Amino acid sequence: MGKPKKKIRAEFRKNRTYRTRRTDLTREFHRSSLDAVEEAPIVERIGGKSDLSRRRTVVAADDVEPDSTVSPTVPLEIDESVCRPGRVLSVMGLVCLVQDESGRTYRCAVRRVLKTLSTDHRHVVAAGDRVQFRPVVSSGGVEGFIERIEPRQACIARDVKGRQHVIVANVDQALIVASAAQPELKPNLIDRVIVAAEKSGIRPIICINKIDLVDPITLMPLVGVYRRMGYRVLLLSAATGFGVDRLRRQVRDRASVVIGQSGVGKSSLLNALDPTLSLPVAPVSDENEKGRHTTTNARLVPLAVGGYVVDTPGMRQFQPWDVVPEEVINYYRDLRPYVSLCKFPNCTHTHEADCAIKSAVADGRLDERRYESYCYLRAGDLE
């Protein structure tokens with residue numbers, strides 16, 4: 001007798017349910033005769049399969065617990081004899097570019113059961129995902145179907161209107177790119193990406209580009225704050241090549257993601273690292289000094305020096321996903337040592353008296369801007 005399969009009850013997405021109540025009663029009344037109306041039932045029975053109780057059963061892999069919560073990355077049972085492992089290079093609407101172990105690229109669609117699961121994901125597949133896909137004969141531009149998404153080791157995700165937007169998955173380090181000028185430097189955005197990286201166990205590296213446009217001495221106070229906390233900070237210039245060799249040593253044989261606001265020169269830095277990439281670039285706007293979107297979707301690209309990097313679209317706001325206000329302080333290395341010195345164990349470090357963090361800021365032992373960055377993030381303010 002075979003081993004029983006592990007079945008999990010999963011929710012549908014709401015747009016996959018059907019109407020449980022008739023909505024054509026008025027039209028039927030006008031079309032029907034009076035006798036037909038008199039013979040019509042006077043009560044309506046409403047079934048239990050509504051948005052709250054609509055479920056389906058999925059078969060999980062052998063190593064999944066029966067009471068597990070269903071998500072796109074929970075391994076589902078598939079026919080492995082017709083599937084092969086691959087890596088998602090990019091997601092373009094309904095089509096994903098997947099590369100197999102031999103280096104061949106396939107245009108794949110996502111299996112319906114993965115798309116219909118009720119989850120908080122903005123998209124079930126992200127660049128860098130390891131998947132199992134089933135090749136098929138090309139029809140309509142589709143050359144395969146993604147049957148299963150393997151569990152993610154680490155990912156960078158942000159909150160977009162209450163839904164999880166996974167920017168990249170399965171990376172070792174995050175290159176947080178900012179510009180010294182054009183557009184102006186946004187330290188608070190750097191802090192938020194650091195929080196998202198540390199929450200997932202990803203090593204953050206701060207890269208300040210375009211230092212040829214300013215006097216590097218003016219950046220030393222900010223650089224010193226991050227370096228005292230143990231973060232690696234690189235001063236770079238894609239235009240002159242300054243610091244590119246140091247950056248090349250950091251990305252060699254590693255899985256990296258380049259993330260930052262639009263116009264800071266992410267693609268320009270990658271072209272300087274590997275001229276064979278030839279990624280499209282564009283200057284910032286002369287009117288408002290904001291970047292123009294040349295990268296429209298996250299793309300995984302291999303590097304000639306070894307390893308690979310994920311080039312991501314520029315962003316102007318970043319709200320880390322699934323970070324509750326009470327745990328924000330745990331991701332601020334400079335503020336965290338003072339938490340145990342506060343008078344109240346549940347101190348929010350915003351308005352309470354005898355707060356050790358507020359006292360350290362007033363005495364100059366902590367950077368005031370970092371404290372304000374913590375307050376903004378804890379309050380959920382995107383600025």
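Predicted model: local features only at pLDDT ≥ 70, side-chain atom pairs only at ≥ 80, totals over all residues.
Most residues other than glycine have a negative phi, and most peptide bonds are trans. Against this background, Lys161, which is not a glycine, has a positive phi near 55°, and its place is in the loop that runs between strand 8 (155–160) and strand 9 (163–169). A positive phi, near 60°, is also found at Asn170, a residue of the loop between strand 9 and strand 10. A cis peptide bond, with omega at about 0°, links Gln182 to Pro183, and Pro183 belongs to the loop between strand 10 (173–179) and helix 4 (187–199).

A further loop, between strand 12 (232–235) and helix 6 (244–251), contains Ser237. Because its relative accessible area is 0%, Ser237 counts as buried, and, when neighbours within four places in sequence are left aside, the residues in contact with Ser237 are Asn209, Lys210, Ile211, Asp212, Phe242 and Val244.

On the surface, a patch of positive charge is formed by Arg203, Arg227, Arg232, Arg246, Arg249, Arg252 and Arg254. One of these residues, Arg227, is located in helix 5 (residues 220–228) and is partly exposed, its relative accessible area being 44%.

How values were computed
Residues numbered from 1 in each chain as written. Heavy atoms only, no water. Patch = residues over 30% accessible without salt bridge, like charges linked within 9 Å, V, L, I, M, F, W, Y side chains within 5 Å. Areas by Shrake-Rupley, 256 points an atom, 1.4 Å probe, with all protein chains shown as cover. Salt bridge = Lys/Arg side-chain N within 4 Å of Asp/Glu carboxyl O. Lys, Arg positive; Asp, Glu negative; His and termini not counted. Charge placed at Lys NZ, Arg CZ, Asp CG, Glu CD. Helix = DSSP H or I, 4+ residues; strand = E, 2+ residues; numbered from the N terminus. Buried < 20%, exposed > 50% of the residue type's maximum accessible area, 1.4 Å probe, protein only. Contact = heavy atoms within 4.5 Å.
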